[in-house]
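Follow the chain in the picture below while reading. The paragraphs after it begin with one residue and then widen to the whole protein.

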Amino acid sequence: AQPVSQAWGLPGFLTQSDVLEPLAPSLAVRGDTFTVRAYGESSEGNRVKARAWIEAVVERTPRYVHAGNRANRGPDANAATDTPLILDYATGKHTAGKLSEVNKRFGRKFEIKSVRWLSPNEI
């Protein structure tokens with residue numbers, strides 16, 4: 001939505017998106033941490049022999065799955081600041097960024113922060 005200000009669009013006018021868009025790949029929000037629970041069982045015929053529950057806390061990081069260090073990045077590695085789309089401010093059109101095929105497919109890296117086994121009364 002266009003701001004109400006009459007200065008909107010002038011060269012010296014700065015919006016929130018002007019500041020945040022270049023930072024977007026490096027920002028982390030509270031929604032980037034997930035709790036994942038899983039259940040498994042072993043059975044023989046109709047009889048369950050064992051059950052297990054596990055919980056993992058997983059965090060999405062700013063780094064891509066195939067990341068490289070700044071000094072020596074291969075052609076398929078991307079920095080955290082590389083974006084999947086590039087905005088042409090003059091035309092408003094988006095073009096594809098220079099992400100590797102691996103990073104296009106899998107995106108940002110996930111890190112397991114904690115894992116614990118659960119008892120049946122914690123479910």
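Leu23 lies in the loop that links α1 (16-20) to β1 (33-44); helices (H or I, at least four residues) and strands (E, at least two) are DSSP runs, numbered from the N terminus. This is a predicted model, in which local features need pLDDT of at least 70 and side-chain atom pairs count only at pLDDT 80 or more, while totals for chains, interfaces and linings use all residues. Residues are numbered from 1 along each chain as its sequence is written, and side-chain values use heavy atoms, with hydrogens and water left out.

Leu23 has a relative accessible area of 42%, so it counts as partly exposed (buried is under 20%, exposed over 50%, partly exposed in between, with a 1.4 Å probe and protein chains only). In the protein as a whole, 15% of the 123 residues are buried.

Now turn to the strands. The protein has 2 helices and 5 strands, and from the N terminus on they run α-β-β-β-β-α-β. An open sheet of 3 strands has the order β1-β2-β5, with antiparallel pairing. Its edge strands are β1 and β5 (108-118), each of which pairs on one side only. Two strands pair if DSSP finds at least two bridges between them. Strand β2 (residues 47-64) pairs with β5 in the antiparallel sense over 9 bridges. Arg60 has Phe110 in β5 as its bridge partner.

Finally, consider contacts, meaning heavy atoms within 4.5 Å. Among contacts between residues at least 6 apart in sequence, 52% join residues at least 24 apart.
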